[in-house]
Amino acid sequence: MSAAESIIRTRQTEKEVSGIPTQVVCSHFSNYIFVVITQYGKIGTLISVTPESRCNDFSTPAFSTKVLLGKDEPLTHVCGKNLATFVSEEAGNRPVLLGLALKDSSVDAIKQMKDIIKSCQVW
């Protein structure tokens, strides 16, 4: 690997979501996929979204969320799970570390953010 190549694969983009500039950064680490979605220019609340095998069905894991830093509110867990579950599934059920700093967390905004995350795929 040349010195110019990055060891950590990262992609980022900025698009408007409901008229609000929204930045997304996705990075692939050896043990986590790291996704930051911000409408404030900051990492914001840090959430771990982890797949957990169910007793009888290993093909469709349940996902647990844990707020590591920031506001630990029910809406944070709902947004985190909605935004990170597909990332984990597409990355072979790897855990996702998600940074959220949102002005708009409506259902429509979350759908738009999922599309932006897909455009930054590094897994």
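**Exercise 1.** Are H1 and H2 roughly parallel or roughly antiparallel to each other?

*Solution.* The model is a predicted one, in which local features need pLDDT of at least 70, side-chain atom pairs count only at pLDDT 80 or more, and totals for chains, interfaces and linings use all residues. Residues are numbered from 1 along each chain as its sequence is written, and side-chain values use heavy atoms, with hydrogens and water left out.

Step 1. Locate the elements: helix H1 covers residues 74-90 and helix H2 covers residues 107-119. Helices (H or I, at least four residues) and strands (E, at least two) are DSSP runs, numbered from the N terminus.

Step 2. Consider the axes, which are lines fitted to C-alpha atoms, for helices over the stretch in contact, with angles from 0 to 180 degrees between N-to-C directions. The axes of H1 and H2 come within 10 Å and cross at roughly 30°.

Step 3. Apply the cut-offs: angles under 35 degrees count as roughly parallel, over 145 as roughly antiparallel, 65 to 115 as roughly perpendicular and the rest as oblique. H1 and H2 are therefore roughly parallel to each other.

**Exercise 2.** Which residues in H1 meet residues in H2?

*Solution.* Step 1. Contact means heavy atoms within 4.5 Å. On the side of H1, the residues are Cys79, Asn82, Leu83, Phe86 and Val87; they meet Ile110, Met113, Lys114, Ile117 and Lys118 in H2.

Step 1. Sorted by class, this contact of H1 with H2 has 7 nonpolar, 1 polar and 2 charged residues. Ala, Val, Leu, Ile, Met, Phe, Trp, Tyr, Cys and Pro count as nonpolar, Asp, Glu, Lys and Arg as charged, and the others, Gly among them, as polar.

**Exercise 3.** What pattern does the chain follow along the sequence?

*Solution.* Step 1. The chain has 2 helices and 6 strands.

Step 1. Read along the sequence, these elements give β-β-β-β-β-α-β-α.

Step 2. Of the 123 residues of the chain, 43% count as buried (under 20% relative accessible area; exposed is over 50%, partly exposed in between; 1.4 Å probe, protein chains only).

**Exercise 4.** Where does serine 18 lie, and where is the place of asparagine 93?

*Solution.* Step 1. Serine 18 lies in the loop between strand S1 (9-17) and strand S2 (20-28). Its phi is near 55°, a positive value in a residue other than glycine. At 42% relative accessibility, serine 18 counts as partly exposed.

Step 1. Asparagine 93 is in the loop between H1 and strand S6 (96-101). Asparagine 93 has a positive phi of about 60°, although it is not a glycine. With a relative accessible area of 32%, asparagine 93 is partly exposed.
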